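Visitor: I have never looked at this structure before. Where should I start, and how do I read what I see?

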Amino acid sequence: MAKSALLKSSIAKKYWMALTGLFLCLFLTGHLAGNLQLLMPDSQLQFNQYALFMTSNPAVKILSYLTYISILFHAIDGILLTIQNKQARPVGYAKSNPSANSSFASRNMAILGTLVLVFIATHMINFWAKMHFDEKMPLMTQSIVTGPGMKSDYYVGTTVGQYYQVDQVKSAGDTIEMPGVPPKQLEIRNRTDVYNVQANVKVGELYKDLHKITFDFFREKQYGLYFTLFYVFSMLVLAFHLWHGFQSAFQSLGLNSPTWTPTIKFIGKAFAVVVPLLFAIIPLFIYFTK
């Protein structure tokens, strides 16, 4: 009975591992589509609009929470399966040649998954956390020609055609008023909201500049190259993880057949190469085009 219960538990874990893994593959595809905008010229507004949509749309928020849960569940489930497999075979074979009948990726899924998890944690700290919680998160500005040989910086509002001259808007840290200088009529509150000070009425909202954060991160003078290489290395690790994980998920769900299995393997290998490669191109492009 104990063995039967263990077997059922193992199968259930493999089902959940497969389902969360395939869901995360869908997330990777959508995330890549958004990030590829960074390769486009003059993409600052477009990318920041995408970032605002991804952090404010209710349906996307629900999908985001599902993604966070899936990442944690996938990681914990993988750890439990690894421990369970080792407990089921406490004594190693007298003679073993695993490379003869298994791939590097399949033998090292736990290590690869752990490295991917480390990358996700650092990625969220450097981008997701700054976007959501950093009080010093920059706001998007645009330099506009105001006269012959003259330019001024303007905050870009989320409503089309909304611009607010930077030096005419009071920020959270702008507490000192100069004698003889009229007080500023606009003020930034709640990090992105623009208020009319006298009427105490919200008149607009500004974009957080995730585009600038991303470019500054990979172009940082001292560590930009290391950040870029770490990102590329992480995408190589992800490629190996997907190389085995994608087709293994279908196998765990019992969706194998002589007709479909070759196609699934081909799609899985193509996905494992193309998606991480495109992700890796982004930081390389940013760093080497400064």
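Guide: Start with one facing pair. Val 156 stands opposite Tyr 163 in strand 3. Keep in mind that this is a predicted model.

Visitor: Which strand is joined to strand 3, and by how many bridges?

Guide: Strands of a sheet pair through backbone hydrogen bonds, either parallel or antiparallel. Here strand 2, residues 150–156, is joined to strand 3 by three bridges. The two run antiparallel.

Visitor: What lies between strand 2 and strand 3 in their hairpin?

Guide: Six residues lie between the strands. In this hairpin Gly 161 takes a positive phi near 90°.

Visitor: How many bridges join strand 1 to strand 2, and in which sense do they run?

Guide: Six bridges join them, and they run antiparallel. Look at Ser 143, which stands opposite Asp 153 in strand 2. The hairpin of strand 1 and strand 2 has two residues between the strands. Gly 149 takes a positive phi near 70° there.

Visitor: What is the order of the strands in this sheet?

Guide: The order is 1-2-3, in an open sheet of three strands with antiparallel pairing. Strand 1 (141–147) and strand 3 (163–165) stand at the edges. Each has a single partner strand, so one side of each is left without a neighbour in the sheet. Neighbouring strands of this sheet are turned by 45° against each other on average, direction ignored.

Visitor: Now the charged side chains. How many salt bridges does the count come to?

Guide: The idea is simple: find a side-chain nitrogen of Lys or Arg within 4 Å of a carboxyl oxygen of Asp or Glu. By this rule there are four salt bridges. One of them joins Glu 187 to Arg 189, with the closest N and O atoms 3.1 Å apart.

Visitor: Is Glu 187 buried or exposed?

Guide: Buried means under 20% relative accessible area. Glu 187 has 18% relative accessibility, so it counts as buried. Arg 189 is partly exposed, with a relative accessible area of 25%.

Visitor: Which residues are linked in a network of salt bridges?

Guide: Asp 193, Lys 202 and Glu 205 are. Between Asp 193 and Lys 202, the closest N and O atoms are 3.1 Å apart. Asp 193 counts as buried at 11% relative accessibility. Lys 202 counts as partly exposed at 40%.

Visitor: Where do Lys 212 and Asp 216 lie?

Guide: Both lie in helix 6, residues 210–218. They are four residues apart, about one turn of the helix. Lys 212 counts as partly exposed at 37% relative accessibility. Asp 216 counts as partly exposed at 40%.

Visitor: Which residues make the nonpolar surface patch?

Guide: Look for Phe 104, Ile 111, Leu 115, Val 118, Phe 230, Phe 233, Leu 236 and Phe 240. Their patch is about 740 Å². Helix 5 (109–133) and helix 7 (224–252) are the elements that give two or more residues to the patch. Helix 7 gives the most, with four residues.

Visitor: Where is the place of Phe 233?

Guide: Phe 233 is in helix 7. Phe 233 counts as partly exposed, at 45% relative accessibility. Phe 104 lies in helix 4, residues 104–107, and is partly exposed with a relative accessible area of 45%. Phe 104 and His 244 are 140 residues apart in sequence and 9.0 Å apart in space, C-alpha to C-alpha.

Visitor: Which residues does Ser 70 touch, not counting those up to four places away in sequence?

Guide: Ser 70 touches Thr 20, Phe 23 and Leu 24. Ser 70 lies in helix 3, residues 58–88. At 10% relative accessibility, Ser 70 counts as buried.

Visitor: How many helices and strands does the chain have?

Guide: Eight helices and seven strands. Buried residues make up 33% of the 290 residues in the chain. The chain exposes about 18200 Å², and carbon and sulfur atoms supply 66% of it.

How values were computed:
Residues numbered from 1 in each chain as written. Predicted model: local features only at pLDDT ≥ 70, side-chain atom pairs only at ≥ 80, totals over all residues. Heavy atoms only, no water. Buried < 20%, exposed > 50% of the residue type's maximum accessible area, 1.4 Å probe, protein only. Contact = heavy atoms within 4.5 Å. Pairing = 2+ DSSP bridges. Axes fitted to C-alpha atoms, helices over the stretch in contact; angles between N-to-C directions. Patch = residues over 30% accessible without salt bridge, like charges linked within 9 Å, V, L, I, M, F, W, Y side chains within 5 Å. Areas by Shrake-Rupley, 256 points an atom, 1.4 Å probe, with all protein chains shown as cover.
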